[in-house]
Amino acid sequence: PQVKARIRRAAAVVSPCCEPPLPAVVSPPLYMGWLSSRTACEKSTKSRAPPDAETAVAELRAEMARRGSPIDSYPPTDDVLRFAKARKLNAVKAADMLQADLEWRQARRVEERRDAPAEDILGKPIAALQQVLPHVCSSGVDKLGRPIIFKHFGGQCSFSRLCPDRESVDRLCEYNWWVNEQYCKRLAALGAEQWGVVID
């Protein structure tokens, strides 16, 4: 009972990115097993900046400048390092990935629209999506300091009902990047690099 109560309290605290709270349907064994595997998680997922992080960031910035796409002010250093680490500190490969990402963000006007209301992005009340796919980003963190995202997939998860036409599908895809931007803002606020997801 105490475990269930803690889960309900965690799921009831809703961040600005997800308005209605997630129903208390998260399985306690899954939740507690996930949180208790601290030793295994620390080795594989705990954020660790490489010792030559400053060099990696400088090399990636230099490579982007050489391509005519300087990134002196944007993205932030933490984001630049994330791209460098994703390509094992290979500046050329990281620059390919970062340049593609920046072009994608510009085409979708991500920086301009990331603070828009969820309904404007989805094109319908957020409650309609919550009825199909309940999801919430809790204000709490796990034992490694990562924000916790809850998602409930079940019999109610019928996207054909939510998206009867192509336009609805496109708007749902837009909402997907929008909500991930909200999760990224939560990461930045916590100084974390990863989030944990509990899926029921």
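In the predicted model described here, a nonpolar surface patch of about 240 Å² is made by Phe153, Val197 and Ile199; such patches are made of residues with over 30% relative accessible area and no salt bridge, nonpolar side chains (Val, Leu, Ile, Met, Phe, Trp, Tyr) being joined within 5 Å and like charges within 9 Å. A salt bridge is taken as a side-chain nitrogen of Lys or Arg within 4 Å of a carboxyl oxygen of Asp or Glu, and accessible areas come from the Shrake-Rupley method with a 1.4 Å probe, with only the protein chains shown counting as cover for residues. Isoleucine 199 is found in strand E3 and, with a relative accessible area of 44%, is partly exposed (buried means under 20%, exposed over 50%, and partly exposed in between).

The secondary structure of the protein comes to 11 helices and 3 strands, assigned as DSSP runs (H or I of at least four residues for helices, E of at least two for strands) and numbered from the N terminus. From that terminus on, the elements run α-α-α-α-α-α-α-α-α-β-β-α-α-β. Buried residues make up 36% of the 200 residues, and the accessible surface comes to about 11,400 Å², of which 54% belongs to carbon and sulfur atoms. Among contacts (heavy atoms within 4.5 Å) between residues at least 6 apart in sequence, 72% join residues at least 24 apart.

A search of the whole structure finds 3 aromatic pairs, defined by ring centres of Phe, Tyr and Trp (its six-membered ring) within 6.5 Å, with planes under 30 degrees apart counted as stacked, over 60 as edge-to-face and the rest as tilted. One of these, formed by tryptophan 104 and tryptophan 177, is edge-to-face, at 6.4 Å centre to centre and 85° between the planes. This pair links distant parts of the chain, since tryptophan 104 belongs to helix H6 (residues 91-107) and tryptophan 177 to helix H11 (residues 166-190), 73 residues apart. Tryptophan 104 is partly exposed at 32% relative accessibility, whereas tryptophan 177 is buried at 8%.

Tyrosine 183 and tryptophan 195 form another edge-to-face pair, at 5.4 Å centre to centre and 70° between the planes. Because tyrosine 183 lies in helix H11 and tryptophan 195 in the loop between H11 and strand E3 (196-199), the pair ties together parts that are 12 residues apart in sequence. Tyrosine 183 is buried, at 3% relative accessibility, while tryptophan 195 is partly exposed, at 26%.

Residues are numbered from 1 along each chain as its sequence is written, and side-chain values use heavy atoms, with hydrogens and water left out. Because the model is predicted, local features need pLDDT of at least 70 and side-chain atom pairs count only at pLDDT 80 or more, whereas totals for chains, interfaces and linings use all residues.

Key
Buried < 20%, exposed > 50% of the residue type's maximum accessible area, 1.4 Å probe, protein only.
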